Amino acid sequence: MSAAATTASNVPSPRALRRRLTHARRAHANRTWLQVAEDAYVAIFTLLMLGVVVGAALAQVHHELLGCPTAGCGVVREELPAVVALGTIGAVLHALASIGPVVSDSASAQWVLSTPVARGGLLRRRYAGAVGVAAAVCVALPGVAMTGTTSPPATVVAVLVGGLGAGMLTTALATAAQPHPGARRAVSMTGDALLAAAVALAAAVAAGLSWDLQVGGSLTGVAAIGLVVAGLVAVALATPRVGRLRRADVEPGGALVAGLSGAAYGLDVSLVGEVLTARRFRLMGARRSRRGFGSGFAAVVAREAIRLARSPRRLLGLAGAAVVVLIGAATGLGTLAVLLAALAGYAATRWTAASLRIAWRSPGLRRALGIDDLAILVGLSVPGGVVAALWATVVTVLLPSGSTVTGVVIALAIWSGIVRSAASAPPRFDGPLVTSPMGALPPGAIVGIVRGPDAAVLGSLALTLGAGAGWSIAVAVLIAAWSLWRAIAAVGDTRPYAERLQEATEAKRRAS
C-alpha cells in the first residue's frame, strides 16, 4: 500500500509534464529567437495581406449585389445567408466526426498519453482548440454571406452570435460521440443530411423561390443568446469526457491530420482526396466484393465503374457544384456561366480520375495487370468522362440559355481537365528546391496545381467569348485530344505488353 502511494505521489501533474516537455524541446531547439521572430513577422504580414485582398473582394461583391437590379440577385442576396449557415453547420459536423475532434499524433499517443498522468489535462487544450476553430468557421462563413444583404445590424449581430453558439454545440456533440463508433457515424450522417438540405435550399434559391421569413429582431436575439448558452452548457458537459478518451480514439485522427498536412505541403490536391478516401474505407472495415466481367479494355472500364459506384456520397458534391452554377446564372453571369460550369464540374468530378492517376504514376502496376498500357489509360478515363457528360447534361438542361452545344463543350472541358490533372507529374523532392515568395518549393509543385484547371478553362473559353457552335466544339475537341495525347505520350512506350516482354527477353539473351 505504501509503495503504491509513493508511486502515485511521484506522478507529475499534467501542467508539470507539459513544462518538462517544453523545457526539453527548448533545450534541443536549433533556431534562434531572431529566426522565430522573423517567421512570425512573415506570417503576420501574410495574414494582413490576405485580409486586405479578401476584404476588398468582399466589398466588391457587396457593392455588386446591392447594385444588381434583377430579381435573381435580390433572392440570392436575401436568402443565401441561411443556406450558407445550414451548410456550414453540416460541414463542421461532418469534419469533426471524421477527424476527432480531439486528436493526437502518434508520438504523443505512444509516449505521452501512455504515462500515468491524467489524460484529460493533456487533451483539454486540443479540445479547446477544436471548439475555437469550429466556432470561428461557424461565425466567419455566415458573416461573409451576409455582406450582400440589406439586413439591419441587429440581425447580423444575432446571426454571428448564433454561429458562435452553433460552433460550440457541434464540437461538444462530436466530442461526446467520439469514443462510440455508432454515435460518431450518426453525427457524420447528420452533417451529411444538413449539407443535403443546404443544397436543396440553394437549388430553390437558384430557381427564384423566396420564403420571406419575417422574424422579429428581439426574437432573433433571444434565439442567438439561447444557442450560445446551450453551447456553453454542452461544452462544459463534454469536457469531463475528454479525459475518458482512449489512445485508439485520438490517434487515428492525428494520423489523418498528419497525412492531410503532408499532402497540403506538397500542394497535391489529389493526394488529399486519396487520404480521405483511405480513411473512410479504413473506418468502414470491409465491403462486399463484386466480380468484374469482360477482358482487356472492357474489364478495366467495368472495374472502374464499380469503384465509382462505391462512393454515392460524391453525388452530394455533384449536386452542390450544379447549384453553384445555377446561382451564378441567376445573378446574371451570362456566358461566364459556361466557364463557371467547367471549373465547378472539374472540381466536383476530379475524384473520378484517382485510378487513372495511380496507374499513370505506377509502371509496375500496369505491368502487373498484363494489359496494354494504352487500354489501361483510356479505359480508366472513360467512366470519368461518362460522369462528366451526365453532369454537364443536367446542368445544361437547368440553365436558362442551355443548348446541346453548351452541354458538349462543358462535358469535353471537364473531361480534359480531369485527364490532364491525373496525368500531371508529382513534385520532385529528390532535387534542388526552387525559391519562391512562399519559400523553397520542390520543382513542379505550383505547375501541378495549374494542370487540370487550365485545360478546363481553355476547352470552354471559345464558347465563353461568344464564338460560334462549330468553333466552340472544335476547340473543346482539340483540347480534349491534346490532354489525352499528352497523358499517353508522357507514359512512354505503350506497345502491347507481350511485345515488350519478348523484346526484353531477347535483349537479355543477347547480353548473356
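S188 counts as buried, because its relative accessibility is 11% and the cut-off for burial is under 20%. The model in which this value was computed is a predicted one. S188 belongs to helix 8, residues 181-206. Leaving out residues up to four places away in sequence, S188 touches H94 and A97.

Helix 8 is made up of 26 residues and spans 37 Å from its first C-alpha to its last, close to the 38 Å expected at 1.5 Å a residue. The buried residues of helix 8 are R184, V187, S188, G191, D192, A198, V199, A202, A204, V205 and A206. In an α-helix, residues three or four places apart point the same way, because there are 3.6 residues a turn. Just after helix 8, G208 has a positive phi of about 95 degrees.

## The chain as a whole

The chain has 512 residues, of which 35% count as buried. Its secondary structure comprises 22 helices and two strands. Among contacts in the chain with a separation of 6 or more, 79% are between residues 24 or more positions apart.

## Helix 12 and its cover

Helix 12 runs over residues 297-309. With 13 residues, helix 12 reaches 19 Å from first C-alpha to last, close to the 18 Å expected at 1.5 Å a residue. Buried in helix 12 are A299, V300, A302, E304, I306 and L308. The cover over these buried residues includes helix 15 (354-361) and helix 17 (373-398).

Helix 12 and helix 17 pack at an angle of about 40 degrees, and their axes are 8 Å apart. The two helices are therefore oblique to each other. Their crossing is right-handed. On the side of helix 12, the residues in contact are F297, V300, V301, E304, A305 and L308. On the side of helix 17, they are A375, I376, V378, G379, L380, V382, P383, G384 and V387. By class, the contact of helix 12 with helix 17 has twelve nonpolar, two polar and one charged residues.

## A359 in helix 15

A359 lies in helix 15. A359 counts as buried because its relative accessible area is 3%. Apart from neighbours within four places in sequence, A359 is in contact with L365, R366, I376 and L380.

A359 and A423 are separated by 64 residues in sequence, and their C-alpha atoms are 9.5 Å apart in space.

## Helix 18 against helix 20

Helix 18 (residues 404-422) packs with helix 20 (residues 453-464) at an angle of about 160 degrees, the axes being 7 Å apart. Helix 18 and helix 20 are therefore roughly antiparallel to each other, and they cross in a right-handed sense.

From helix 18, the contact takes in V405, T406, V409, A413, S416, G417 and R420. From helix 20, it takes in D454, A455, A456, G459, S460 and L463. The residues of this contact divide into six nonpolar, five polar and two charged.

Definitions and conventions: Residues are numbered from 1 along each chain as its sequence is written. This is a predicted model: local features need pLDDT of at least 70, side-chain atom pairs count only at pLDDT 80 or more; totals for chains, interfaces and linings use all residues. Side-chain values use heavy atoms; hydrogens and water are left out. Axes are lines fitted to C-alpha atoms, for helices over the stretch in contact, and angles run from 0 to 180 degrees between N-to-C directions. Helices (H or I, at least four residues) and strands (E, at least two) are DSSP runs, numbered from the N terminus. Angles under 35 degrees count as roughly parallel, over 145 as roughly antiparallel, 65 to 115 as roughly perpendicular and the rest as oblique. A crossing is left-handed if the near helix is turned anticlockwise from the far one by less than a right angle, and right-handed if clockwise. Contact means heavy atoms within 4.5 Å. Ala, Val, Leu, Ile, Met, Phe, Trp, Tyr, Cys and Pro count as nonpolar, Asp, Glu, Lys and Arg as charged, and the others, Gly among them, as polar. The expected span of a helix is 1.5 Å times one less than its number of residues. Buried means under 20% relative accessible area, exposed over 50%, partly exposed in between (1.4 Å probe, protein chains only).
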